[in-house]
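Hi,

Here is the structure I said I'd pass along. Have a look at it first, and then read my notes below.

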Amino acid sequence: MSTFKTSPEQQLKVYGIATAMKTAGLDANFITNCVKLAFEYEGAHDLMQLWAEASNQEEKDEVIADLQDEIDTHQELPKKPTKKPYVKFDDLDAIAKNIEGYKRNLRKLVDRHGGIVELAKKTGIPQPSLSRFFNSNSMPRRTTIYKIAEALGLSEKDIITDWVA
Amino acid sequence: MDVLITEWALDSYLNLKHSRAFTDAEYKNTIRPNAELLKDGMPSPHPQFQNPKFWGPATDMAKKTIQCGYKMKWHNVGSGKVQLRLAVVILGGKAFLCQGYVKTNDFVDKREMAKLKIRIRDIGRGHYIYRGML
């Protein structure tokens with residue numbers, strides 16, 4: 001079963017929204033990746049449409065962060081069902097604290113290199129996405145970590161973590 | 001029916017736990033036991049599943065039903081008395097727990113439903129990671 005593929009009519013709409021995103025000052029690479037995803041996934045098309053329909057900047061920023069999450073997820077998604085170790089509910093707090101500590105330390109390094117605004121410019125990752133990354137307990141994605149490491153000139157040792165999505 | 005915990009669900013639980021959307025007691029006494037009812041298959045023998053305030057089909061931003069997508073709902077959860085939602089995909093005889101989220105407004109719901117459509121397409125193609133079963 002393969003549903004929710006973007007229709008040709010929806011693909012046409014995506015072009016218009018991509019142009020509006022460029023006018024709004026979003027990074028060209030980010031927009032290109034959004035378009036690629038939205039040509040395949042109706043859900044990504046919906047996210048782009050929600051960006052266009054958002055009534056305020058806060059809503060737009062949330063959608064931008066959603067789209068970047070999806071772009072990163074799809075760069076790492078396996079091509080077959082993959083089982084990773086089970087996580088017990090009682091361990092969630094410890095995992096969350098581990099991730100929080102990891103991101104806090106990484107944030108200190110980012111701040112030493114000009115902060116999130118500068119990092120967004122260097123990595124091409126939209127600022128709302130970086131803010132969500134540092135302010136949430138989501139497991140960091142390899143793609144994001146490596147982009148940050150590359151931008152800041154960090155070594156593998158600086159960015160290693162047990163909890164990566 | 002097998003109930004799979006996807007990596008997307010684990011990630012959302014980490015965030016919900018971080019934001020203290022629900023208490024440990026609510027998770028152990030209500031949320032998890034409710035989700036475990038999915039093991040008994042669909043159509044569910046449990047009367048709660050007839051109650052649209054607890055269970056219902058997912059709908060997208062155009063109010064169209066999302067095929068294979070469902071929502072389990074809890075009201076006034078946690079100290080913040082939030083509306084908690086669990087997006088579930090039922091496909092190929094399995095239930096996939098996809099993402100938990102707090103419905104603060106309709107826009108959040110629309111975003112989560114857009115993401116659910118992406119999950120359904122990926123699950124249908126076997127492109128997913130899971131963290132065991134309930």
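Which domains does the domain assignment of chain A give? There's domain 1, covering 8-76, and domain 2, covering 89-159. Keep in mind as you read on that this is a predicted model.

Let me stay with chain A for a moment. The centres of its domain 1 and domain 2, taken over C-alpha atoms, are 22 Å apart. Where the two meet, 10 residues of domain 2 of chain A are in contact with 11 residues of domain 1. On the domain 1 side, α2 (28-40) and α4 (57-76) of chain A each bring at least two residues, and α4(A) gives the most, with 7 residues. By class, that side of domain 1 of chain A has 4 charged, 4 nonpolar and 3 polar residues.

Now for the contact between the chains. Chain A puts in 37 residues and chain B puts in 32. On the side of chain B that touches chain A, at least two residues each come from α1 (7-18), α3 (106-124) and β6 (129-133) of chain B.

One more thing to look for while you have both chains on screen: strand β1 of chain A (residues 82-83) pairs with β6(B) in the parallel sense, over 2 bridges.

Cheers

How values were computed:
Residues are numbered from 1 along each chain as its sequence is written. Chains are lettered from A and ligands numbered from 1 in the order in which they are written. This is a predicted model: local features need pLDDT of at least 70, side-chain atom pairs count only at pLDDT 80 or more; totals for chains, interfaces and linings use all residues. Two residues are in contact if their C-beta atoms, placed from the backbone, lie within 7 Å. Helices (H or I, at least four residues) and strands (E, at least two) are DSSP runs, numbered from the N terminus. Two strands pair if DSSP finds at least two bridges between them. Domain bounds come from an automatic or database domain assignment. Ala, Val, Leu, Ile, Met, Phe, Trp, Tyr, Cys and Pro count as nonpolar, Asp, Glu, Lys and Arg as charged, and the others, Gly among them, as polar.
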